[in-house]
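Student: Can we walk through this one together? I'd like the quick tour, with the cut-offs spelled out.

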Amino acid sequence: MKKFMVLYMAPSAQFEQWMKTMTPEQHKKGMDAWKAWMNANMASMVDGGGPLGKAKRVDASGAKDSKNEMGGYSVVQAESHDAAAKIFGKDHPHLQWPGAWIEITEIMPVPGM
């Protein structure tokens with residue numbers, strides 16, 4: 001089985017807006033949908049992941065605050081990239097948010113390790 005990093009994406013302004021305007025009822029409904037989806041796909045989960053917070057960009061000149069479009073992550077296992085993508089169909093809870101998308105990247109083995 002191959003492993004895949006799954007990134008739950010949306011424009012950073014959209015994530016901020018959702019967090020400010022979401023009612024407790026909407027939050028519960030969303031969490032219930034995530035739990036149901038996770039339970040239905042538990043066999044593929046390596047790491048259920050979680051939300052991602054503020055980012056720092058580090059380069060040769062140092063570290064500074066940064067923004068990106070990543071809102072959360074998971075790690076899944078599947079036979080192929082296409083098989084991993086099929087796990088995240090149109091009914092995935094993250095895709096119910098306007099402007100949201102999911103990126104799936106294979107985690108490659110490190111040669112010699």
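Student: Which residues have the most contacts inside the largest nonpolar core?
Tutor: Val-6, Trp-37, Val-76, Phe-88 and Ile-104. That core has 13 residues. A nonpolar core here is a set of buried Ala, Val, Leu, Ile, Met, Phe, Trp, Tyr and Cys residues joined through side-chain atoms within 4.5 Å. Buried means under 20% relative accessible area, exposed over 50%, and partly exposed in between, with a 1.4 Å probe and protein chains only.

Student: Which elements supply at least two residues of this core?
Tutor: Strand 1 (2-9), helix 2, strand 5, helix 3 and strand 6. Strand 1 has the largest share, 3 residues. Helices (H or I, at least four residues) and strands (E, at least two) are DSSP runs, numbered from the N terminus.

Student: What about a second core, which residues does it include?
Tutor: It is separate and has 5 residues, including Ala-10, Phe-15, Trp-18 and Ala-100.

Student: Before I go on, what kind of model is this?
Tutor: It is a predicted model, where local features need pLDDT of at least 70, side-chain atom pairs count only at pLDDT 80 or more, and totals for chains, interfaces and linings use all residues. Residues are numbered from 1 along each chain as its sequence is written, and side-chain values use heavy atoms, with hydrogens and water left out.

Student: Fine. What pattern does the protein follow along the sequence?
Tutor: β-α-α-β-β-β-β-α-β. That comes to 3 helices and 6 strands.

Student: How many residues, and what share is buried?
Tutor: The protein has 113 residues, and 27% of them are buried. Its C-alpha atoms fill a box of roughly 50 × 45 × 20 Å along the principal axes.

Student: What share of the contacts comes from residues 24 or more positions apart?
Tutor: 72%, taken over contacts with a separation of 6 or more. Contact means heavy atoms within 4.5 Å.

Student: How does the lining split by class?
Tutor: It has 16 nonpolar, 16 polar and 5 charged residues. Ala, Val, Leu, Ile, Met, Phe, Trp, Tyr, Cys and Pro count as nonpolar, Asp, Glu, Lys and Arg as charged, and the others, Gly among them, as polar.

Student: Now His-92. Buried or exposed?
Tutor: Buried, because its relative accessibility is 0%. His-92 is in the loop between helix 3 (81-87) and strand 6 (101-107).

Student: What does His-92 touch?
Tutor: Tyr-8, Trp-34, Trp-37 and Ile-102, not counting residues up to four places away in sequence. Trp-34 itself is in helix 2. With neighbours within four places left aside, Trp-34 is in contact with Tyr-8, His-92, Pro-93 and His-94.

Student: Why does Glu-106 count as partly exposed?
Tutor: Because its relative accessibility is 24%. Glu-106 is in strand 6. Leaving aside neighbours within four places, Glu-106 contacts Lys-2, Lys-3, Phe-4 and His-81.

Student: Last one, Ser-12. Where is it?
Tutor: In helix 1. Ser-12 is partly exposed, at 22% relative accessibility. Ser-12 and Met-70 are 58 residues apart along the chain, yet their C-alpha atoms are separated by 7.6 Å. Ser-12 touches Lys-67, Asn-68 and Glu-69, not counting residues up to four places away.
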